[in-house]
Amino acid sequence: MAISVQGVVSRGKGEPVQVTEVLVPEPGPGEALVRIQACGVCHTDLHYKMGGIGDDYPYLLGHEAAGIVEAVGDNVTDVAPGDFVILNWRAVCGQCRACKRGRPWYCFNTHNAKQKMTLADGTPLSPALGIGAFAEKTLVASGQCTKVNPAIAPETAGLIGCGVMAGLGAAINTGGVTRGDSVAVIGCGGVGDAALLGARLAGATTIIAVDIDDKKLEWAREFGATHTINSRTTDMVEGIRELTGGFGADVVVEAIGRPETYKQAFFARDLAGVVVLVGVPTPDMQLELPLLEVFGRGGALKSSWYGDCLPSRDFPMLVDLHLDGRLPLEKFVSETIGIGDVEAAFTKMEHGEVLRSVVVF
Ligand code: PAD
Ligand code: ZN
(Lines give C-alpha, C1' and ligand atoms only; values in the text may rest on other atoms or scores of the structure.)
(Ligands and ions follow the chains in the order given, each with its own letter.)
Protein backbone atom coordinates (compact mmCIF):
# COMPACT_ATOMS: atom_id res chain seq x y z
CA MET A 1 0.00 0.00 0.00
CA ALA A 2 1.32 3.40 -0.98
CA ILE A 3 1.60 5.96 1.80
CA SER A 4 0.41 9.54 1.51
CA VAL A 5 2.79 12.41 2.31
CA GLN A 6 3.07 16.12 1.56
CA GLY A 7 5.61 17.12 -1.10
CA VAL A 8 6.71 20.17 -3.11
CA VAL A 9 5.74 19.77 -6.76
CA SER A 10 6.57 21.85 -9.82
CA ARG A 11 3.71 21.38 -12.31
CA GLY A 12 4.82 23.46 -15.26
CA LYS A 13 7.57 25.72 -16.55
CA GLY A 14 7.95 28.79 -14.35
CA GLU A 15 4.79 28.12 -12.32
CA PRO A 16 5.05 28.63 -8.56
CA VAL A 17 5.68 25.34 -6.77
CA GLN A 18 2.92 23.80 -4.64
CA VAL A 19 2.76 21.65 -1.54
CA THR A 20 0.51 18.77 -2.45
CA GLU A 21 -0.30 15.13 -1.66
CA VAL A 22 2.23 12.62 -2.96
CA LEU A 23 1.78 8.84 -2.92
CA VAL A 24 4.93 6.88 -2.11
CA PRO A 25 4.96 3.12 -2.85
CA GLU A 26 6.32 0.61 -0.36
CA PRO A 27 9.94 -0.21 -1.20
CA GLY A 28 10.39 -3.01 -3.73
CA PRO A 29 13.56 -5.01 -4.39
CA GLY A 30 16.65 -2.81 -4.16
CA GLU A 31 14.67 0.20 -2.90
CA ALA A 32 14.56 2.12 0.38
CA LEU A 33 11.92 4.36 1.93
CA VAL A 34 13.55 7.30 3.73
CA ARG A 35 11.96 9.66 6.27
CA ILE A 36 13.44 13.03 5.35
CA GLN A 37 14.71 15.16 8.22
CA ALA A 38 16.17 18.05 6.22
CA CYS A 39 16.54 19.08 2.57
CA GLY A 40 18.40 22.12 1.22
CA VAL A 41 17.09 24.38 -1.55
CA CYS A 42 19.67 24.20 -4.37
CA HIS A 43 19.83 26.29 -7.52
CA THR A 44 19.29 23.07 -9.50
CA ASP A 45 15.75 22.85 -8.03
CA LEU A 46 15.12 26.30 -9.45
CA HIS A 47 16.53 25.14 -12.82
CA TYR A 48 13.94 22.32 -12.77
CA LYS A 49 11.13 24.73 -12.01
CA MET A 50 12.22 27.09 -14.79
CA GLY A 51 12.46 24.33 -17.41
CA GLY A 52 16.25 24.46 -17.62
CA ILE A 53 16.74 20.73 -17.04
CA GLY A 54 13.90 19.11 -18.93
CA ASP A 55 10.21 19.01 -19.64
CA ASP A 56 9.18 15.99 -17.56
CA TYR A 57 6.65 17.81 -15.38
CA PRO A 58 5.36 17.33 -12.76
CA TYR A 59 8.63 17.29 -10.82
CA LEU A 60 8.91 16.38 -7.16
CA LEU A 61 11.65 18.82 -6.14
CA GLY A 62 14.37 18.55 -3.48
CA HIS A 63 17.57 16.53 -3.60
CA GLU A 64 19.99 17.79 -0.89
CA ALA A 65 18.73 15.66 1.93
CA ALA A 66 19.43 13.61 5.01
CA GLY A 67 17.10 11.34 6.91
CA ILE A 68 16.41 7.98 8.47
CA VAL A 69 15.83 4.78 6.53
CA GLU A 70 12.35 3.65 7.43
CA ALA A 71 11.93 0.48 5.39
CA VAL A 72 13.85 -1.44 2.75
CA GLY A 73 12.75 -3.86 0.03
CA ASP A 74 14.07 -7.33 -0.78
CA ASN A 75 17.74 -7.83 -1.52
CA VAL A 76 18.83 -4.67 0.31
CA THR A 77 21.92 -5.35 2.40
CA ASP A 78 23.79 -2.03 2.39
CA VAL A 79 21.35 -0.10 4.63
CA ALA A 80 18.76 -1.05 7.23
CA PRO A 81 15.81 0.66 8.95
CA GLY A 82 17.07 3.16 11.52
CA ASP A 83 20.24 4.09 9.63
CA PHE A 84 21.01 7.82 9.34
CA VAL A 85 21.79 8.51 5.69
CA ILE A 86 22.61 11.28 3.24
CA LEU A 87 20.86 10.79 -0.10
CA ASN A 88 23.00 10.79 -3.21
CA TRP A 89 22.31 11.01 -6.92
CA ARG A 90 25.14 8.68 -7.87
CA ALA A 91 24.24 5.14 -6.87
CA VAL A 92 26.88 3.47 -9.00
CA CYS A 93 25.98 0.37 -11.03
CA GLY A 94 29.33 -1.45 -10.93
CA GLN A 95 28.64 -2.80 -14.43
CA CYS A 96 28.96 0.04 -16.96
CA ARG A 97 32.14 0.79 -18.91
CA ALA A 98 33.19 3.54 -16.45
CA CYS A 99 32.71 1.32 -13.38
CA LYS A 100 34.49 -1.59 -15.06
CA ARG A 101 37.50 0.63 -15.76
CA GLY A 102 37.73 1.48 -12.06
CA ARG A 103 36.24 4.97 -12.41
CA PRO A 104 32.89 4.60 -10.65
CA TRP A 105 32.63 8.35 -10.04
CA TYR A 106 31.81 8.63 -13.76
CA CYS A 107 29.20 5.81 -13.61
CA PHE A 108 27.01 6.11 -16.72
CA ASN A 109 24.13 4.03 -15.41
CA THR A 110 23.33 5.24 -11.90
CA HIS A 111 20.36 3.72 -10.07
CA ASN A 112 17.13 5.31 -8.90
CA ALA A 113 13.98 3.72 -7.47
CA LYS A 114 12.20 1.64 -10.11
CA GLN A 115 8.70 2.39 -8.83
CA LYS A 116 7.19 5.82 -9.40
CA MET A 117 5.91 8.17 -6.74
CA THR A 118 2.67 9.77 -7.98
CA LEU A 119 0.20 12.56 -7.40
CA ALA A 120 -3.07 11.55 -5.69
CA ASP A 121 -4.69 10.98 -9.13
CA GLY A 122 -1.94 8.55 -10.14
CA THR A 123 0.07 10.97 -12.35
CA PRO A 124 3.70 9.80 -12.13
CA LEU A 125 6.17 12.29 -10.69
CA SER A 126 9.73 12.92 -11.89
CA PRO A 127 11.83 13.23 -8.74
CA ALA A 128 14.55 15.90 -9.01
CA LEU A 129 17.88 14.14 -9.65
CA GLY A 130 16.12 10.85 -8.94
CA ILE A 131 15.55 11.85 -5.30
CA GLY A 132 12.53 14.13 -4.66
CA ALA A 133 13.16 15.01 -1.03
CA PHE A 134 10.99 18.06 -0.39
CA ALA A 135 8.62 15.44 0.97
CA GLU A 136 8.12 13.85 4.35
CA LYS A 137 9.19 10.52 2.88
CA THR A 138 10.74 9.55 -0.42
CA LEU A 139 11.53 6.36 -2.31
CA VAL A 140 15.04 5.84 -3.66
CA ALA A 141 17.35 3.03 -4.77
CA SER A 142 19.10 1.69 -1.67
CA GLY A 143 22.45 2.66 -3.21
CA GLN A 144 21.30 6.29 -3.04
CA CYS A 145 21.49 6.07 0.75
CA THR A 146 24.95 6.71 2.18
CA LYS A 147 25.23 5.87 5.87
CA VAL A 148 27.16 8.46 7.90
CA ASN A 149 27.89 9.30 11.53
CA PRO A 150 24.54 10.47 13.01
CA ALA A 151 26.29 13.00 15.27
CA ILE A 152 26.10 15.60 12.48
CA ALA A 153 22.99 17.86 12.39
CA PRO A 154 20.62 16.70 9.60
CA GLU A 155 20.29 20.19 8.09
CA THR A 156 24.06 20.35 7.69
CA ALA A 157 24.41 16.73 6.55
CA GLY A 158 21.85 17.09 3.76
CA LEU A 159 23.94 19.75 2.00
CA ILE A 160 26.74 17.21 1.52
CA GLY A 161 24.29 15.36 -0.74
CA CYS A 162 24.58 18.00 -3.48
CA GLY A 163 25.92 21.55 -3.30
CA VAL A 164 28.72 21.01 -0.79
CA MET A 165 29.93 17.87 -2.53
CA ALA A 166 29.62 19.42 -5.98
CA GLY A 167 31.69 22.49 -5.06
CA LEU A 168 34.21 20.82 -2.80
CA GLY A 169 34.70 17.99 -5.27
CA ALA A 170 34.99 20.41 -8.21
CA ALA A 171 38.07 21.87 -6.51
CA ILE A 172 39.59 18.74 -5.00
CA ASN A 173 38.51 15.83 -7.22
CA THR A 174 38.02 17.42 -10.63
CA GLY A 175 40.40 20.37 -10.37
CA GLY A 176 43.00 18.39 -8.41
CA VAL A 177 43.82 21.43 -6.24
CA THR A 178 46.87 20.77 -4.12
CA ARG A 179 49.27 22.46 -1.68
CA GLY A 180 50.53 25.84 -2.83
CA ASP A 181 48.07 26.24 -5.71
CA SER A 182 46.34 29.46 -6.62
CA VAL A 183 42.61 29.00 -7.09
CA ALA A 184 39.86 31.34 -8.29
CA VAL A 185 36.18 30.59 -7.82
CA ILE A 186 33.65 32.49 -9.93
CA GLY A 187 30.20 32.66 -8.32
CA CYS A 188 30.06 32.36 -4.55
CA GLY A 189 26.74 30.72 -3.82
CA GLY A 190 26.60 27.47 -1.90
CA VAL A 191 28.47 25.60 -4.61
CA GLY A 192 31.19 28.21 -5.09
CA ASP A 193 31.76 28.61 -1.36
CA ALA A 194 32.13 24.85 -1.05
CA ALA A 195 34.80 25.05 -3.77
CA LEU A 196 36.60 27.71 -1.70
CA LEU A 197 36.42 25.44 1.33
CA GLY A 198 37.79 22.55 -0.74
CA ALA A 199 40.65 24.69 -2.00
CA ARG A 200 41.55 25.62 1.57
CA LEU A 201 41.30 22.02 2.76
CA ALA A 202 43.63 20.91 -0.05
CA GLY A 203 46.26 23.51 0.87
CA ALA A 204 45.82 26.19 -1.79
CA THR A 205 47.57 29.38 -0.69
CA THR A 206 45.97 32.07 -2.89
CA ILE A 207 42.20 31.63 -2.95
CA ILE A 208 40.28 34.26 -4.91
CA ALA A 209 36.50 34.63 -4.67
CA VAL A 210 34.64 36.41 -7.48
CA ASP A 211 31.02 37.53 -7.32
CA ILE A 212 28.87 40.53 -8.21
CA ASP A 213 27.46 40.79 -4.69
CA ASP A 214 29.55 42.25 -1.83
CA LYS A 215 27.63 40.29 0.80
CA LYS A 216 28.51 37.03 -0.95
CA LEU A 217 32.15 38.10 -1.03
CA GLU A 218 32.08 38.82 2.69
CA TRP A 219 30.72 35.32 3.33
CA ALA A 220 33.29 33.87 0.93
CA ARG A 221 36.06 35.03 3.26
CA GLU A 222 34.59 32.84 5.99
CA PHE A 223 34.97 29.84 3.70
CA GLY A 224 38.64 30.48 3.01
CA ALA A 225 38.91 33.19 0.35
CA THR A 226 42.16 35.10 0.83
CA HIS A 227 41.14 37.73 -1.76
CA THR A 228 37.85 38.87 -3.24
CA ILE A 229 36.88 40.56 -6.49
CA ASN A 230 33.56 42.23 -7.21
CA SER A 231 33.29 41.68 -10.96
CA ARG A 232 30.70 44.44 -11.31
CA THR A 233 33.36 47.00 -10.56
CA THR A 234 36.63 45.19 -11.37
CA ASP A 235 37.56 43.19 -14.47
CA MET A 236 37.91 39.70 -13.01
CA VAL A 237 40.49 38.47 -15.51
CA GLU A 238 42.74 41.45 -14.78
CA GLY A 239 42.05 41.14 -11.06
CA ILE A 240 42.89 37.43 -10.90
CA ARG A 241 46.06 37.95 -12.93
CA GLU A 242 47.14 40.78 -10.67
CA LEU A 243 46.74 38.59 -7.58
CA THR A 244 48.75 35.76 -9.15
CA GLY A 245 51.93 37.52 -10.20
CA GLY A 246 50.44 38.48 -13.58
CA PHE A 247 49.91 34.87 -14.64
CA GLY A 248 46.41 33.69 -13.75
CA ALA A 249 45.28 30.99 -11.32
CA ASP A 250 46.31 27.35 -11.45
CA VAL A 251 42.71 26.25 -11.10
CA VAL A 252 39.61 28.33 -11.91
CA VAL A 253 36.22 26.99 -10.87
CA GLU A 254 33.17 28.39 -12.67
CA ALA A 255 30.21 27.90 -10.32
CA ILE A 256 27.52 29.84 -12.19
CA GLY A 257 27.05 28.12 -15.56
CA ARG A 258 27.12 31.00 -18.06
CA PRO A 259 29.14 31.38 -21.28
CA GLU A 260 30.49 34.83 -20.39
CA THR A 261 31.79 33.76 -16.98
CA TYR A 262 33.16 30.53 -18.47
CA LYS A 263 35.09 32.60 -20.99
CA GLN A 264 36.45 34.77 -18.19
CA ALA A 265 37.46 31.61 -16.31
CA PHE A 266 39.28 30.44 -19.43
CA PHE A 267 41.34 33.62 -19.66
CA ALA A 268 41.88 33.97 -15.90
CA ARG A 269 43.85 30.72 -15.64
CA ASP A 270 47.62 30.32 -15.91
CA LEU A 271 49.24 28.46 -18.80
CA ALA A 272 48.65 24.73 -18.34
CA GLY A 273 46.04 25.54 -15.72
CA VAL A 274 42.69 23.88 -15.22
CA VAL A 275 39.20 25.29 -15.71
CA VAL A 276 36.41 23.40 -13.96
CA LEU A 277 32.81 24.04 -14.98
CA VAL A 278 30.48 23.07 -12.13
CA GLY A 279 27.70 25.62 -12.75
CA VAL A 280 24.91 24.13 -14.87
CA PRO A 281 24.18 25.91 -18.18
CA THR A 282 20.75 26.00 -19.86
CA PRO A 283 20.04 24.41 -23.29
CA ASP A 284 20.07 27.73 -25.19
CA MET A 285 23.64 28.67 -24.20
CA GLN A 286 26.52 28.58 -26.69
CA LEU A 287 30.25 29.07 -26.14
CA GLU A 288 32.74 30.59 -28.55
CA LEU A 289 36.49 30.54 -27.86
CA PRO A 290 39.55 31.15 -30.04
CA LEU A 291 40.69 27.61 -30.82
CA LEU A 292 44.32 28.67 -31.03
CA GLU A 293 44.12 29.85 -27.41
CA VAL A 294 42.47 26.57 -26.37
CA PHE A 295 45.46 24.79 -27.88
CA GLY A 296 48.17 27.27 -27.03
CA ARG A 297 47.34 27.69 -23.34
CA GLY A 298 47.46 23.96 -22.74
CA GLY A 299 46.12 22.53 -19.51
CA ALA A 300 42.63 21.16 -19.17
CA LEU A 301 39.03 22.26 -19.53
CA LYS A 302 36.95 19.97 -17.34
CA SER A 303 33.36 19.61 -16.27
CA SER A 304 32.42 18.45 -12.83
CA TRP A 305 29.31 16.42 -12.30
CA TYR A 306 28.64 16.12 -8.61
CA GLY A 307 32.27 16.99 -7.86
CA ASP A 308 33.31 13.67 -9.42
CA CYS A 309 32.46 12.17 -6.07
CA LEU A 310 31.98 8.62 -4.95
CA PRO A 311 29.37 9.03 -2.21
CA SER A 312 30.43 5.92 -0.27
CA ARG A 313 34.00 7.23 -0.16
CA ASP A 314 33.46 10.96 0.18
CA PHE A 315 30.32 11.55 2.31
CA PRO A 316 31.52 9.76 5.47
CA MET A 317 34.90 11.49 5.14
CA LEU A 318 33.35 14.97 4.89
CA VAL A 319 31.09 14.25 7.86
CA ASP A 320 34.09 13.10 9.91
CA LEU A 321 36.11 16.20 8.96
CA HIS A 322 33.14 18.36 9.96
CA LEU A 323 32.71 16.59 13.31
CA ASP A 324 36.42 17.04 13.87
CA GLY A 325 35.98 20.83 13.52
CA ARG A 326 37.94 21.04 10.27
CA LEU A 327 35.08 21.73 7.86
CA PRO A 328 32.57 24.41 9.01
CA LEU A 329 29.68 23.09 6.93
CA GLU A 330 27.10 24.56 9.33
CA LYS A 331 27.93 28.00 7.86
CA PHE A 332 26.09 27.06 4.68
CA VAL A 333 22.76 26.93 6.52
CA SER A 334 21.42 30.49 6.25
CA GLU A 335 17.98 29.57 7.56
CA THR A 336 15.74 26.61 8.28
CA ILE A 337 12.25 26.77 6.79
CA GLY A 338 9.07 24.72 6.48
CA ILE A 339 7.88 22.72 3.48
CA GLY A 340 5.55 25.56 2.49
CA ASP A 341 8.38 28.07 2.16
CA VAL A 342 10.27 26.71 -0.88
CA GLU A 343 8.86 29.26 -3.35
CA ALA A 344 9.90 32.09 -1.01
CA ALA A 345 13.33 30.47 -0.67
CA PHE A 346 13.75 30.56 -4.47
CA THR A 347 13.09 34.29 -4.39
CA LYS A 348 15.64 34.77 -1.59
CA MET A 349 18.16 32.74 -3.61
CA GLU A 350 17.57 34.89 -6.70
CA HIS A 351 18.01 38.02 -4.60
CA GLY A 352 21.24 36.65 -3.13
CA GLU A 353 19.91 36.79 0.43
CA VAL A 354 20.86 33.23 1.39
CA LEU A 355 23.46 30.56 0.78
CA ARG A 356 21.11 27.75 1.65
CA SER A 357 17.59 27.68 2.96
CA VAL A 358 17.01 24.23 4.41
CA VAL A 359 13.58 22.66 4.78
CA VAL A 360 13.31 20.77 8.08
CA PHE A 361 10.61 18.21 8.78
P1 PAD B 1 23.50 30.41 -6.18
O2 PAD B 1 22.45 31.07 -6.98
O3 PAD B 1 23.36 30.32 -4.71
O4 PAD B 1 24.92 31.13 -6.45
C5 PAD B 1 25.30 31.73 -7.67
C6 PAD B 1 26.25 32.88 -7.34
O7 PAD B 1 26.76 33.42 -8.57
C8 PAD B 1 25.58 34.03 -6.61
O9 PAD B 1 26.33 34.37 -5.47
C10 PAD B 1 25.58 35.18 -7.65
O11 PAD B 1 25.69 36.44 -7.05
C12 PAD B 1 26.79 34.83 -8.47
N13 PAD B 1 26.76 35.38 -9.85
C14 PAD B 1 25.71 35.41 -10.72
N15 PAD B 1 26.08 35.98 -11.88
C16 PAD B 1 27.38 36.31 -11.75
C17 PAD B 1 28.35 36.93 -12.62
N18 PAD B 1 28.02 37.30 -13.87
N19 PAD B 1 29.61 37.11 -12.15
C20 PAD B 1 29.95 36.73 -10.90
N21 PAD B 1 29.08 36.14 -10.03
C22 PAD B 1 27.82 35.93 -10.45
O23 PAD B 1 23.67 28.95 -6.83
P24 PAD B 1 24.36 27.61 -6.24
O25 PAD B 1 25.66 27.96 -5.59
O26 PAD B 1 23.35 26.80 -5.53
O27 PAD B 1 24.64 26.86 -7.63
C28 PAD B 1 25.57 27.38 -8.56
C29 PAD B 1 25.53 26.58 -9.85
O30 PAD B 1 25.98 25.25 -9.60
C31 PAD B 1 24.11 26.42 -10.41
O32 PAD B 1 24.20 26.52 -11.82
C33 PAD B 1 23.72 25.02 -10.00
O34 PAD B 1 22.74 24.45 -10.84
C35 PAD B 1 25.06 24.33 -10.13
C36 PAD B 1 25.19 22.98 -9.46
N37 PAD B 1 25.95 22.03 -10.10
C38 PAD B 1 26.11 20.81 -9.59
C39 PAD B 1 26.96 19.84 -10.36
O40 PAD B 1 27.02 18.67 -10.04
N41 PAD B 1 27.63 20.30 -11.39
C42 PAD B 1 25.53 20.47 -8.38
C43 PAD B 1 24.78 21.44 -7.70
C44 PAD B 1 24.60 22.70 -8.24
ZN1 ZN C 1 21.72 20.43 -6.03
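In which loop is Pro58 found? Select Pro58 in this predicted model: the residue sits in the loop between helix 1 and strand 4 (59-60).

Select Leu129, in the loop between strand 8 (126-127) and strand 9 (137-141). The phi of Leu129 is near 50°, a positive value in a residue other than glycine. For context on both stops, most residues other than glycine have a negative phi, and most peptide bonds are trans.

**The two domains**

Colour the chain by domain: domain 1 comprises 3-161 + 328-360, and domain 2 comprises 167-306. Taken over C-alpha atoms, the centres of domain 1 and domain 2 are separated by 28 Å. Their contact takes 11 residues from domain 1 and 12 residues from domain 2. On the side of domain 1 that touches domain 2, helix 1 supplies the largest share, three residues. By class, this side of domain 1 divides into three nonpolar, five polar and three charged residues.

**Ligand 1**

Now centre the view on ligand 1, which 32 residues surround. The closest to select are His43, Ala166, Gly187, Gly189 and Val191. Helix 1 (43-49), helix 4, helix 5 and strand 12 (206-211) are the elements that give two or more residues to this shell. The shell around ligand 1 consists of 15 nonpolar, 14 polar and three charged residues. With the domain colours still displayed, the position of ligand 1 can be read directly: domain 1 and domain 2 both give residues to the shell, so ligand 1 lies between them.

**Helix 4 and helix 5**

Finally, select helix 4 (residues 163-174) together with helix 5 (residues 190-202). The axes of these two helices come within 7 Å and cross at roughly 45°. Helix 4 and helix 5 are therefore oblique to each other, and their crossing is right-handed. To display the contact, show Gly163, Val164, Ala166, Gly167, Leu168, Ala170, Ala171 and Ile172 on helix 4. On helix 5, show Gly190, Val191, Gly192, Asp193, Ala194, Ala195, Leu197, Gly198, Ala199, Leu201 and Ala202. This contact of helix 4 with helix 5 has 13 nonpolar, five polar and one charged residues.

Conventions:
Residues are numbered from 1 along each chain as its sequence is written. Chains are lettered from A and ligands numbered from 1 in the order in which they are written. This is a predicted model: local features need pLDDT of at least 70, side-chain atom pairs count only at pLDDT 80 or more; totals for chains, interfaces and linings use all residues. Axes are lines fitted to C-alpha atoms, for helices over the stretch in contact, and angles run from 0 to 180 degrees between N-to-C directions. Helices (H or I, at least four residues) and strands (E, at least two) are DSSP runs, numbered from the N terminus. Angles under 35 degrees count as roughly parallel, over 145 as roughly antiparallel, 65 to 115 as roughly perpendicular and the rest as oblique. A crossing is left-handed if the near helix is turned anticlockwise from the far one by less than a right angle, and right-handed if clockwise. Two residues are in contact if their C-beta atoms, placed from the backbone, lie within 7 Å. Ala, Val, Leu, Ile, Met, Phe, Trp, Tyr, Cys and Pro count as nonpolar, Asp, Glu, Lys and Arg as charged, and the others, Gly among them, as polar. A residue is near a molecule or strand if its C-beta atom, placed from the backbone, lies within 6 Å of it. Domain bounds come from an automatic or database domain assignment.
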